[in-house]
Amino acid sequence: MIVVAGEALIDLMARPGEPQQFEARPGGAPCNVAVGLARLGRRTCFLGRIGTDPFGRLLRQHLAGSGVDASMVVTATQKTTLAVAALDGQGKAEYSFYANGTADWQWTDAEVPRVLPADASALYVGGLALRLSPGAAVLEGLMRRTRQQRRALVFFDPNVRTGFGFSAAVERARVERQLRLAHVIKASEDDIALLYPGHDYREIAARWQGGGAGLVAVTLGAAGVYALAPDGSEITVPAVPAQVMDTVGAGDAFAAAMLDRLVEEMPAGAARGPGPGLGQGLGPDPAEALRGVGVGAIRSLLERASVSAALTCERAGAQSPDARTLDAAMADVLPSPLPAEQRGSPLSAG
């Protein structure tokens, strides 16, 4: 099982050609990732705060309909966060948030478990819930405990947003503190540009890996993906062509597909039970298990994640593919893949 912690909010999207008509769509990066993992067949539990207002009921229906376990969801007295999205000519969304005093950020220590469930193989954290007080400190504490307990992989996506009095210096300090608690970091080139103006994403990825992460992946939009494997090898994966409707949720679909395959690829330790991957029995230390994933396997899972993101771009809103759709698309994009051990190579080797 994978636990996903963070916000579940409503995206208000203007209908094409009808600027005065808005559609309410479930969203929030963690919510999108939880749904994406469940659609891929992964047991997923969402740890979020959801209100009882009509939008909150819509979010609960969305999670249940996608097969997400909501047993860890906290019933909040506050209203649901709203994000009004405006699309530019390339289908990229710019958000305005109505989030003052809303449900997602009001975490208390009593609402978050001290230890993840025994069958949890990974924890995904990211988005605004790791930024906004008072709840950000509570979820950061969950990250810290999970890393220290050495039982579950910690996957972090900063998913940086402007607004809320954005300060690059403040955000940079926050992200750098939190990424030290993660085994895997997935970020976008836009995240890095906001946090480190004028710096190259390769430089920042190396700095982040030096801070304790085993795997760092940076999505580059139409330029594909850049990653640093646990052994320091550089990996580049080209973007998958897509007829873009919008890019809403594409990064979250990428993260879900990446994490789904990663927990299968990580070798399991005998101390925690039999099985070929992390999902069947985590070894004594996720950081050690992550180092057992080869460059070829990482390249393969990044390719799969890229296809998932491309499919999401071809749909309106955050609608990531299910496993059957993704597998069929993989067969079209990569009809005759080599075995993973034959396909990986450091960037320096071409």
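**View 1. Strands S2 and S7 side by side.** Strand S2 (residues 9-15) and strand S7 (residues 82-87) run parallel and share 4 bridges; strands count as paired if DSSP finds at least two bridges between them. Look for Met13, whose bridge partner in S7 is Ala85. This is a predicted model, in which local features need pLDDT of at least 70 and side-chain atom pairs pLDDT 80 or more, while totals for chains, interfaces and linings use all residues. Residues are numbered from 1 along each chain as its sequence is written, and side-chain values rest on heavy atoms, with hydrogens and water left out. Helices (H or I, at least four residues) and strands (E, at least two) are DSSP runs, numbered from the N terminus.

**View 2. The open sheet S3-S2-S7-S8.** Here 4 strands line up in that order, with mixed pairing. Strand S3 (18-27) and strand S8 (93-98) sit at the edges, each pairing on one side only. From one strand to the next, the twist averages 30 degrees. Helix H2 (residues 54-65) packs on this sheet and touches S2, S3 and S7, with its direction at about 55 degrees to that of S3. Contact means heavy atoms within 4.5 Å; axes are lines fitted to C-alpha atoms, for helices over the stretch in contact, and angles run from 0 to 180 degrees between N-to-C directions.

View 3. Strand S1 (residues 2-5) pairs with S4 in the parallel sense over 4 bridges, and the bridge partner of Val4 in S4 is Phe46. In a regular strand, side chains alternate between the two faces of the sheet. On strand S4 (residues 44-47), Thr44 and Phe46 are buried on one side, and Cys45 and Leu47 are buried on the other. Buried means under 20% relative accessible area, exposed over 50%, and partly exposed in between (1.4 Å probe, protein chains only).

**View 4. Leu302 and the largest nonpolar core.** A nonpolar core is a set of buried Ala, Val, Leu, Ile, Met, Phe, Trp, Tyr and Cys residues joined through side-chain atoms within 4.5 Å. The largest one has 60 residues, and Phe46, Met258, Leu259 and Leu302 have the most contacts inside it. Helix H9 (residues 295-313) is the top contributor, giving 11 residues to this core. Leaving aside residues up to four places away in sequence, Leu302 touches Ala217, Val225, Ala227, Ile235, Val237, Phe254 and Met258. A second, separate core of 53 residues includes Leu123, Met143, Ile204 and Val216.

View 5. The structure holds 5 aromatic pairs; rings of Phe, Tyr and Trp (its six-membered ring) pair if their centres lie within 6.5 Å, with planes under 30 degrees apart counted as stacked, over 60 as edge-to-face and the rest as tilted. Phe97 and Phe164 make a tilted pair, 5.4 Å centre to centre and 35 degrees between the planes. Phe97 belongs to strand S8 and Phe164 to the loop between strand S10 (153-157) and helix H4 (168-179), so the pair ties together parts 67 residues apart in sequence. Phe164 is partly exposed, at 37% relative accessible area, and has a positive phi near 55 degrees.

View 6. Asn159 isn't a glycine, yet its phi is positive, about 45 degrees. Asn159 lies in the loop between S10 and H4 and counts as buried at 14% relative accessibility. Elsewhere, a cis peptide bond joins Ser133 and Pro134, with omega about 0 degrees. Pro134 falls in the loop between strand S9 (122-126) and helix H3 (135-149).
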